[in-house]
Amino acid sequence: MAVSAVDQITSFLRVHFSPETAAVFLYISKNSKSTLQMIMQQFRLPSGKVSFFPAENLAHSSSLKILKYFEKSIPSLAFETMSTNNQVLQMVQQCLTLLLTHDLLVLSRRKDSAIEYSINWAQVRVLNRAPAFLCLTRTQLGHAAELVIEELLYSGRLGLLACLATVAKRLAEEEDETSSSAAAAPAAVDPGLRALNAFASLLELRFIQRRGSVVPPLPVADNSGCGSGGRLEDDDEFEDDDVIGSSKIYRVEKPFAPLSRAEREAALRHIRESLGPAVKLSDESLEPPAKRPRVAAETTSVADARRPEEAAQEFSANAQQLRFRWRDSILTRAAASVLGAQASRVLAAMLDIVDERVRLGHAQSAESEVLAHADIVAQLAASAAGDARSGLDQHLSSLAEDGFIERQSGAAGGQFRILFRRAIFSLTRQSVAAVIRQRLGDKAVRVFNALSEEPNLTQAELESHVLIGGRDCKELLYRLLVDGFVHCAELSRAADFMNPRPNTAYYLFHVNLEQTTRKLLLNMHTYQDRLLTRRLAEVATNRRLLDKRQRVKELLKNLDAQISAADSAGNSDASAELSEQRAQAAQLLTPPEREQLETLKRSRTALRAGELLLEENIFLYELFLEFASQHN
Amino acid sequence: IKLKMSTATVKPDPDDIQTRLLNLAGQLPAGINQAALRSHLSDLPMDRIIQCINQLTQSGKLEVLQTANRELLWRLRDASADRRLDGLDTKEVMVYEQLRAFGNKGASAQQLQSRSAMPQREIGKCLNSLEAKKLVKIVRPVGHAKKKIFMLFELEPDASLQAGTFFSGEGFDQEFVDVLCQQCTLYLRRKAEAAATSAATTSASATLEEVQQFIGQSRVSTVALSLDDIRRVLRALTLEGVVETRPGPYAGAGSSCLYRLARSQLPASGDFGAVRVPCVSCPVAPDCRIGGEISPIGCVYLTDWAKGQF
């Protein structure tokens, strides 16, 4: 795992939750299978007194243990002084619960019944890929769906009401900004309904799923017998069961059950209450407050401070479905670029059929199950791609020729199977060839493809295949060898004197795509790290200017609010004075500063786009290696 | 009077020995080796046998061969066999038979020596004699002007030895091959554009014969290019990703597939984006370190790329 991935998650936890949570995560990432005792040890002073110290007291010897887990943000941290073991235990339990909520921990039980915590690296990867998943969701389902996925990814698990309230609020704020900047105010759009519809679509398409909630532990009685300010005795006095015993994780039988009418009504009511009367909602959202719906709880609920209908039912993003959809998006885009939009819609319809039939937990399979011609026709008719039915057979033949699908039989229009493995292999080879073309030129691609199709060729045989002169071919071959795109095997000198060339050693060249892809994957991670570093460095360099812009923006917003209040009160003098102040405030940012901000914005957008492009390639290579390992 | 019986061995009649040798050769069509001679003609002295074998070889009734184990074999010569070998001595016949085994790839003097274990000078003399009698010729392989390859006079040298269409006096003609590639690409691009504008009445694919005809009409080559030459050029373009092939049920007799411009070469086709990131093709990428002299933070390539994006 690249170092930057852990750093990103650590900083995310530090910013959005607490430094202690980040410290616990960082400790477990470096010490797999840690127990509660081990984690507690990190926050204990040699003298036995458990305390955290003010940020300026960094000379304390025990601070070194905590220092290494906080690295860059040390000067900004301030700790409370905790004097009891109970407080420390409660703090660590809360951190572990938070990490469990984000699915960042994997639990296992030792032989002595102690519970061990390890990092769920797959989920770390999901969080690192969050921008790519958000881009995918926005492309396929729209902005509202993107906001829902964003909330669920960064919160781990959320209740229906909390999630929709936040998303509706963000949509309303965006609409306010759009309407205030536009010349003519657009008609009010119901943000609550948009959020709810997006949520329902995501649940129907299995982008999100119902989860049991991770309940934070109840306050535990001080069992150390030391009283306040007491010393820690032995490690054995802490029971690991205290964490898991009170943090119960429930399974949901029907994770993709659609939203019930009662849930929809409760959600709309909650949105109305949280957004207030300022935002106009559609009449559909208005319900008599006397009728409180009963939400069917599918799991055992645990009494806690939250509303009963939320306690056992939360939602989280379904990372597996996001991966599958991303894979499908890659295949349809490849088909569109090679065969055209119509063929791509046919392939998308076939992928939708496969998606409906795939169950939760289904592993990445090399081929789909068989799809009948009639099913494909029905799916095209149901989707918006009805015009792709004309010439369907031709599109299917084109897709079969290019290796995306395979015709199983010709009866009743034919039966087809999507060849995921073959398509991914082909795309990977094309991607590697594209990298070679960028680095070494077109002739190097000839050499690479020739060796891919016919392995174990000598240099002389290769020259006649690719029609490149001896010297050029030799140079290309060696550059490909150095960069790891091509590999070499030596046939040692023959001992047979009847051989016409007994003193010659033969060198046979071949392509090992798996090995090449692994090397490229490592390189892609490195390039992504560099782009991220550059982006963060640019933000850090221009931090002062960005803060200034934010302050000016807030100042202008406040002045706008005051101006509109003065106008509505009929106070023209105050309004004129405020308008003058606003004009002066708008000049706080000088033209060179504006230009610098514009350049920074372009640069950040380009770098972020580059990171997404690299992430897509990384995903493709990981898919390829996954299929290759299944084959082996 | 006592008669003394002569103890001298009666010398066998040479004609008898030759007859017996010919009969034995007829019984062993694969050839007679020394072991067969000892077993079948054990009653005869070996020197007489060898003498008769030489006479039969010179008269053309037997031919001498050498196996991979350097064992000599004598075989009954076919009546329709090459009469040109009459008058050659044994060593010359051996060298000739060795060259016949090498076929149209020929052999150098060193290869002949390692095969036959004859001294280098003897082989040289034999080769000179055979060359003078127009039974053997010398071929200079492409790229090795000083090397001599010997082969039978009537054989055509193998393609690996001779220059071929894509070779000039100085070796492989890369410029000529590049021009041919450009012309083929141009023809297929015109076909694709014509197909795009004429609404499916014109095919974007071309057969091998059509491409050959176009190349011939374009007069880029002073020599006529065969179908095989055109196929090799199109194959190289297929490997480069410029051209793609499709099975052609209605293709001409000389080819079994159709060629067209690869769809990735057509405009409005997407690529697989990571190659757009400058780090992928950066010449100093291996030396780039965060905090080093070459670092992404001050990288001019990234700066120019970010500007060029918009």
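This is a predicted model: local features need pLDDT of at least 70, side-chain atom pairs count only at pLDDT 80 or more; totals for chains, interfaces and linings use all residues.
Close-up 1. Strands here are DSSP runs of at least two residues, numbered from the N terminus. By that reading, Ser108(A) sits in strand E1 (residues 105-109) of chain A. Ser108(A) is partly exposed, with a relative accessible area of 27%. Leaving aside residues up to four places away in sequence, Ser108(A) touches Ala114(A), Ile115(A) and Glu116(A). Lys33(A) is 75 residues away along the chain from Ser108(A), yet their C-alpha atoms are separated by 7.8 Å.

**Close-up 2. Helices H4 and H5 of chain B crossing.** Here we look at H4 (residues 90-102) and H5 (residues 109-116) of chain B, whose axes come within 11 Å and cross at roughly 110°. That angle makes H4(B) and H5(B) roughly perpendicular to each other, and their crossing is right-handed. On the H4(B) side, Val95(B), Gln98(B), Leu99(B) and Phe102(B) meet Gln111(B), Leu112(B), Arg115(B) and Ser116(B) of H5(B). Sort the residues of this contact and you get 4 nonpolar, 3 polar and 1 charged.

Close-up 3. Chain A averages a pLDDT of 76, with 74% of the residues scoring at least 70. Within chain A, confidence is highest in helix H19 (residues 442-453), at a mean of 92, and lowest in helix H4 (residues 63-70), at 38. Residues 45-83 of chain A stay under 50 throughout, and the model gives them 55 contacts beyond four places in sequence. Residues 283-311 of chain A are also below 50, with 47 contacts beyond near neighbours in sequence.

How values were computed
Residues are numbered from 1 along each chain as its sequence is written. Chains are lettered from A and ligands numbered from 1 in the order in which they are written. Side-chain values use heavy atoms; hydrogens and water are left out. Axes are lines fitted to C-alpha atoms, for helices over the stretch in contact, and angles run from 0 to 180 degrees between N-to-C directions. Helices (H or I, at least four residues) and strands (E, at least two) are DSSP runs, numbered from the N terminus. Angles under 35 degrees count as roughly parallel, over 145 as roughly antiparallel, 65 to 115 as roughly perpendicular and the rest as oblique. A crossing is left-handed if the near helix is turned anticlockwise from the far one by less than a right angle, and right-handed if clockwise. Contact means heavy atoms within 4.5 Å. Ala, Val, Leu, Ile, Met, Phe, Trp, Tyr, Cys and Pro count as nonpolar, Asp, Glu, Lys and Arg as charged, and the others, Gly among them, as polar. pLDDT is the predictor's confidence in each residue, from 0 to 100. Buried means under 20% relative accessible area, exposed over 50%, partly exposed in between (1.4 Å probe, protein chains only).
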